[in-house]
Amino acid sequence: MPELPEVETTRRGIAPAVRGRRIAGLDLHEARLRWPVDPSLPRRLAGQRIRAVERRAKYLLLRLDRGTLIIHFGMSGSLRVLPAGTPRRPHDHIDLRLDNGRVLRFNDPRRFGSWHYTTAPPEQHPLLRALAPEPFAPEFDGAYLYRISRRRRVAVKQLLMNSRLVTGIGNIYANEALFRARVLPWRPAQRLKLAECARLVRGIRAVLNLAIRSGGTTLRDYVGADGRPGYFRQKLYVYERDGRPCRVCGTPIRKRSQGQRSSYYCPTCQH
DNA sequence: ACTGGCTCCTGAGGGC
DNA sequence: TGCCCTCAGGAGCCAG
């Protein structure tokens with residue numbers, strides 16, 4: 001799923017229902033996620049209050065009294081707020097029961113998601129330690145992108161999807177940001193001009209902002225905290241639009257395989 | 001130090 | 001209808 005806009009939409013959706021609540025219990029129905037979920041989680045979390053709901057890159061962070069829950073949605077994960085006692089559906093793996101009669105329920109058909117708990121500062125956790133700056137942080141600018149792309153031969157699209165270099169971007173938003181910056185996805189990173197890097201930063205921020213405002217992009221599994229899909233899909237310029245006319249110039253959008261993933265581009269607008 | 005390929009898993013959709 | 005193949009919002013890990 002879940003690139004930055006979907007995680008952020010979930011964060012905003014669940015925050016009002018969970019912030020300040022006490023954890024009544026955790027039901028672990030399926031621990032075989034990307035990494036096995038710690039079976040002592042129920043004991044360790046019970047009774048703690050949820051102090052804040054934050055996001056780092058594509059990770060959702062629940063700040064508790066004595067530690068932090070670090071949740072990742074993988075390719076197909078989602079988190080919903082439901083009334084206690086709502087019958088479980090297929091792939092509902094974890095329930096975080098709250099003291100207000102609600103349950104925070106994690107569903108993930110492909111089980112690429114993860115749940116970790118740490119009592120150390122979360123930024124020191126191995127999964128978060130090496131992450132690049134947030135796309136909206138001041139230090140993430142054209143000069144930054146230009147600097148990290150020197151000497152790298154990888155295609156610019158791969159660079160955008162490398163979380164040690166750029167965070168929050170997956171296949172959908174990489175394609176969309178490249179279209180907005182008018183840069184072809186397979187351009188070697190080291191050949192980018194400073195002006196193109198600046199356009200990419202603007203394109204990344206614009207597409208992420210708009211997607212957040214639309215509640216994210218739903219292709220298959222993703223739903224927000226209220227169970228409703230995101231509707232940014234209708235505003236996509238290139239992703240899964242091959243054969244259809246470019247919204248800017250009318251040229252048919254093309255699709256090409258790049259590193260085990262699909263790239264979509266306008267052969268006229270992008271160079 | 002980079003880079004590309006493989007891997008985990010389930011489900012949907014297309015071709016025959 | 002059913003079977004087989006390909007592909008899908010991620011990203012850690014490994015060999016070269």
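User: What is the area buried between domain 1 and domain 2, and what share do carbon and sulfur atoms give?

Analyst: About 1,500 Å² is buried between domain 1 and domain 2, with 62% from carbon and sulfur atoms. Buried area is the accessible area (1.4 Å probe) that two parts lose on being put together, summed over both. This is a predicted model, where local features need pLDDT of at least 70, side-chain atom pairs count only at pLDDT 80 or more, and totals for chains, interfaces and linings use all residues. Residues are numbered from 1 along each chain as its sequence is written, chains are lettered from A and ligands numbered from 1 in the order in which they are written, and side-chain values use heavy atoms, without hydrogens and water.

User: Where do the bounds of domain 1 and domain 2 fall in chain A?

Analyst: Domain 1 is 4-124 and domain 2 is 142-265. Such bounds come from an automatic or database domain assignment. The C-alpha centres of the two domains lie 28 Å apart. Domain 1 gives 19 residues to the contact, and domain 2 gives 19 residues. Contact means heavy atoms within 4.5 Å.

User: Why does the second largest pocket lie between domain 1 and domain 2?

Analyst: Both domains give residues to its lining, so the second largest pocket lies between them. A pocket is an open set of points on a 1 Å grid where a 1.4 Å probe fits, with protein on both sides within 12 Å along at least five of seven lines; lining residues have an atom within 4 Å of a point.

User: Which residues lie nearest the centre of the second largest pocket?

Analyst: Ser-78, Arg-80, Arg-89, Asp-92 and Asn-107, from a lining of 16 residues.
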